[in-house]
Amino acid sequence: TACSSKYVLSHMHPMWQEPLAIPGGDRQSPIDIVVRKSLFDPHLKPLVPAYDPQTCQQIWNNGYSFLVEYDDTTDKSTLKGGPLEDQFRLCQFHFHWGESNAWGSEHTVDRKLFPAELHIVHWNTEKYDLFEEAVMEENGLAVIGVFLKIGKRHEGLQKLVDALPAVRHKDSTVDFERFDPACLLPSNINDYWTYHGSLTTPPLTEAVTWIVMKQHIEVSHDQLAVFRSLLFTSAEEEVQKGMVNNFRVQQPLRGRPIRSSFS
Ligand SMILES: Cc1cc(=S)c(O)co1
Ligand SMILES: [Zn+2]
């Protein structure tokens with residue numbers, strides 16, 4: 001699918017070297033969300049995710065994370081509302097996680113780290129024709145971030161966990177159907193923080209309206225352990241490297257406002 005276009009994600013490799021300077025560079029992600037500095041915005045609307053599970057296509061290990069990819073050639077799975085002016089189309093979701101439960105998330109809340117973070121990626125189909133275009137433009141992408149905590153087993157996630165051994169190595173894909181990303185959203189999606197930032201992986205373009213959920217979801221220790229059984233390396237490489245700590249270091253806020261949808 002367009003959103004998994006190899007050019008955007010293909011040159012990523014584990015622990016990629018951070019470029020020295022990013023063009024602009026004052027709207028980078030991830031960041032620490034300082035709650036008392038966020039500003040309640042009463043004009044923020046409820047978020048309206050409308051996903052059709054039939055658009056689910058495959059899982060791809062791209063050597064940095066695993067992406068669950070959706071057919072984004074129609075408007076069957078969309079996101080609108082919240083801070084968004086336009087309608088966005090679902091293209092993929094993926095996670096970032098640590099080697100231990102003590103860290104792994106990209107964003108933090110008052111410096112609190114979570115063991116993992118879900119990113120659901122959408123692109124602006126009112127302004128752009130292709131994901132590749134949107135990823136280079138200021139209001140091109142909308143990413144929902146959801147923190148994961150270790151607790152009870154997440155029944156909806158298990159279908160995905162069971163498919164992961166099939167994509168153990170970099171560049172492997174496996175068909176994956178009828179998965180509704182809405183099952184990974186917390187029960188309350190009306191409470192979120194939103195700010196303008198970037199992709200947290202190359203090309204690190206400052207194209208993202210971030211929507212970070214206040215409420216986390218719970219997954220079991222064993223479910224997260226399967227994430228850690230994936231590999232950064234392809235089957236051909238002699239030295240296999242475990243896919244862990246695939247998060248970016250935090251970036252300066254540079255005076256950006258962080259709005260909250262709740263007071
Ligand atoms: C498009 C995209 C967004 C994020 S946040 C990521 O990690 C990879 O690709
Ligand atoms: Zn991400």
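Residues are numbered from 1 along each chain as its sequence is written, and chains are lettered from A and ligands numbered from 1 in the order in which they are written. In this predicted model, local features need pLDDT of at least 70, side-chain atom pairs count only at pLDDT 80 or more, and totals for chains, interfaces and linings use all residues, while side-chain values use heavy atoms, with hydrogens and water left out.

The zinc ion (ligand 2) is coordinated at 2.1 Å by His94 (NE2), His96 (NE2) and His119 (ND1). Donors are N, O and S atoms within 2.8 Å of the metal (3.2 Å for Na, K and Ca); water is not among the atoms, so sites may look incomplete. The spacing of the donor residues in sequence is H-x1-H-x22-H. His94 and His96 are both buried (under 20% relative accessible area, with exposed over 50% and partly exposed in between; 1.4 Å probe, protein chains only).

Ligand 1 is surrounded by 11 residues, and the closest are His94, His96, His119, Thr200 and Thr201; a residue counts as near if one of its heavy atoms lies within 4 Å of the molecule. An oxygen atom of ligand 1 lies 3.0 Å from a polar side-chain atom of His94. For His96, the distance from an N or O atom in the side chain to an oxygen atom of ligand 1 is 3.2 Å, and for a polar side-chain atom of Thr200 it is 3.5 Å. On its own, ligand 1 has 280 Å² of accessible area (Shrake-Rupley method, 1.4 Å probe), of which the protein covers 98%. Strands β7 (88–97) and β9 (116–124) are the elements that give two or more residues to the shell around ligand 1. The most come from β7, with three residues. Helices (H or I, at least four residues) and strands (E, at least two) are DSSP runs, numbered from the N terminus.

In helix α3 (residues 155–163), the buried residues include Leu157, Gln158, Leu160, Val161 and Ala163. The buried residues of α3 pack against β4 (56–61), β5 (66–70), β7, β11 (173–175), β14 (217–219) and α4 (221–227).

Ile31 is found in the loop between α1 (6–9) and β1 (32–33). Ile31 is buried, with a relative accessible area of 1%. Leaving aside neighbours within four places in sequence, Ile31 is in contact (heavy atoms within 4.5 Å) with residues including Glu106, Tyr195, Leu253 and Ile258.

Conventions: Polar contact = N/O pair within 3.5 Å; in protein donor to acceptor, adjacent residues only side chain to side chain.
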